[in-house]
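Please keep the sequence and the structure open while reading.

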Amino acid sequence: MNPGSFITFEGGEGVGKSTQAALLVEALRARGLQVVQTREPGGTKGAEAIRALLLDKQFEWGARAEALLFAAARSDHVENLIGPALDRGEWVVCDRFIDSSRAYQAGGGEWSDDAILSLHTLGSHALMPDLTFLLQAGSADIAARLRERDGDDADRIGGKSAAYHARVAEHFRRLATVDPERFVIIDAAGTPEEVHGRIMRAMAPLIGEGG
Ligand code: TYD
C-alpha cells in the first residue's frame with residue numbers, strides 16, 4: 001500500500017477551502033483510501049479549546065501571544081492526530097496549517113518567517129505537508145461569499161482590516177512562488193465542482209491516475 005500523503009488547503013477567508021477539503025476527502029475515500037479530515041486552528045480537543053480563545057473577540061491577543069497560541073494548537077494537533085494518522089499510513093487532509101501562520105502572523109503581522117518556522121520546529125518537529133493547495137479568488141467574489149457566510153459577525157482575525165488581509169494574500173502568493181514543488185495555486189472562481197475538478201487534476205499523479 002502507498003503510504004498516505006499530507007495535504008493542506010490554504011488561502012484567505014471565504015475562498016472555499018472547507019468545501020474543497022471536504023470534496024477531496026470524499027473523492028479519496030471513494031477510491032478506498034483511509035483519510036483523516038481535519039482543520040486548524042483545531043482538530044483535537046485541546047487545539048479546539050485554543051481555537052476558541054484565539055477567535056474570541058473579548059481577548060486582545062498581542063502578536064506574540066497569538067503566534068504562540070497557534071503554534072501550541074498545532075503542536076497538540078500534530079502530536080495527537082496528524083502524526084499518528086500518517087504513521088498508520090493514512091491520508092490527512094487539513095484545512096489550513098503552518099502556511100497560515102506564515103501568511104497571517106508573519107506576512108500580516110510582526111513576526112519573521114524564520115521565527116514562525118522556528119516555533120514550528122520546536123512545537124511540531126517542523127512537519128511539512130506533501131502538497132498544499134493555495135486557493136485564490138478575486139476580491140469581489142470573496143467579499144460576496146463572506147457577506148453570505150458571516151454577515152457582520154466575522155471572528156477576531158477575519159474581522160481585521162482589508163489592508164491586513166491584502167498583506168496576507170500577498171504573502172501566501174510569495175510562499176507559493178518560492179516553493180512550487182509543494183504548492184499548487186488553484187483558481188477558486190467558478191462552481192465548487194469546477195474548482196474540485198482543478199484540484200483532482202493536480203492530484204492525479206499522487207493517486208496514480210496521471211496520464
Ligand atoms: P478558519 O476557521 O479556517 O477561517 P476561515 O474559514 O474564515 O478561512 O481560521 C480562523 C482564522 O484563523 C482565520 O482568520 C485565519 C486565522 N489563522 C491564523 O491567523 N494563523 C494560523 O496559523 C491559522 C491556522 C489560522
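Leaving aside its neighbours within four places in sequence, which residues is T44 in contact with? The residues are D76, H77, N80 and L81, where contact means heavy atoms within 4.5 Å. The model is a predicted one, in which local features need pLDDT of at least 70 and side-chain atom pairs count only at pLDDT 80 or more, while totals for chains, interfaces and linings use all residues. Residues are numbered from 1 along each chain as its sequence is written, and side-chain values use heavy atoms, with hydrogens and water left out.

**Loop residues and backbone**

T44 is placed in the loop between strand 2 (35–39) and helix 2 (45–55); helices (H or I, at least four residues) and strands (E, at least two) are DSSP runs, numbered from the N terminus. With a relative accessible area of 11%, T44 is buried, a word that stands for under 20% relative accessible area, whereas exposed stands for over 50% and partly exposed for values in between (1.4 Å probe, protein chains only). P41 also has its place in the loop between strand 2 and helix 2, and the peptide bond that joins E40 and P41 is cis, with omega at about -10°.

Most residues other than glycine have a negative phi, and most peptide bonds are trans. R96, in the loop between strand 3 and helix 4, has a positive phi near 75°, and its relative accessibility of 13% makes R96 buried. A126 has a positive phi near 60° and lies in the loop between helix 5 and strand 4, but at 33% relative accessibility A126 counts as partly exposed.

**Helices and their surroundings**

Why can helix 4 (residues 98–107) be called largely enclosed by the rest of the structure? The reason is that ten of its ten residues are buried, and among them are D99, R102, Y104 and Q105. The cover over these buried residues includes strand 1 (6–10), helix 3 (63–87), helix 5 (113–124), strand 4 (131–136), helix 7 (162–178) and strand 5 (183–187).

Two of these covering elements, helix 3 and helix 5, also meet each other: A67, L68, A71, R74, S75 and V78 in helix 3 are in contact with I116, L119, H120, G123 and S124 in helix 5. By class, this contact has six nonpolar, four polar and one charged residues, where Ala, Val, Leu, Ile, Met, Phe, Trp, Tyr, Cys and Pro count as nonpolar, Asp, Glu, Lys and Arg as charged, and the others, Gly among them, as polar. The axes of the two helices come within 9 Å and cross at roughly 35°; axes are lines fitted to C-alpha atoms, for helices over the stretch in contact, and angles run from 0 to 180 degrees between N-to-C directions.

In helix 6 (residues 139–150) lies I142, which counts as buried at 18% relative accessibility. Apart from neighbours within four places in sequence, I142 is in contact with E13, G14, V15 and A137.

**Aromatic rings**

A search of the whole structure finds five aromatic pairs. Rings of Phe, Tyr and Trp (its six-membered ring) pair if their centres lie within 6.5 Å, and planes under 30 degrees apart count as stacked, over 60 as edge-to-face and the rest as tilted. Two of the pairs are set out here.

| Pair | Centre to centre | Angle between planes | Class |
|---|---|---|---|
| F6 and F97 | 4.9 Å | 80° | edge-to-face |
| F9 and F133 | 5.4 Å | 35° | tilted |

The pair of F6 and F97 links distant parts of the chain, with F6 in strand 1 and F97, 91 residues apart from it, in the loop between strand 3 (91–95) and helix 4; both F6 and F97 are buried. The pair of F9 in strand 1 and F133 in strand 4 likewise links distant parts, 124 residues apart, and the relative accessibility is 0% for F9 and 0% for F133.

Y104, Y164 and F172 form one aromatic cluster. The charged end of K160 sits over the ring of Y164, 4.8 Å from its centre, and R74 lies over the face of F97, at 5.5 Å from the ring centre; a charge sits over a ring if NZ of Lys or CZ of Arg is within 6 Å of the ring centre and within 35 degrees of the ring normal.
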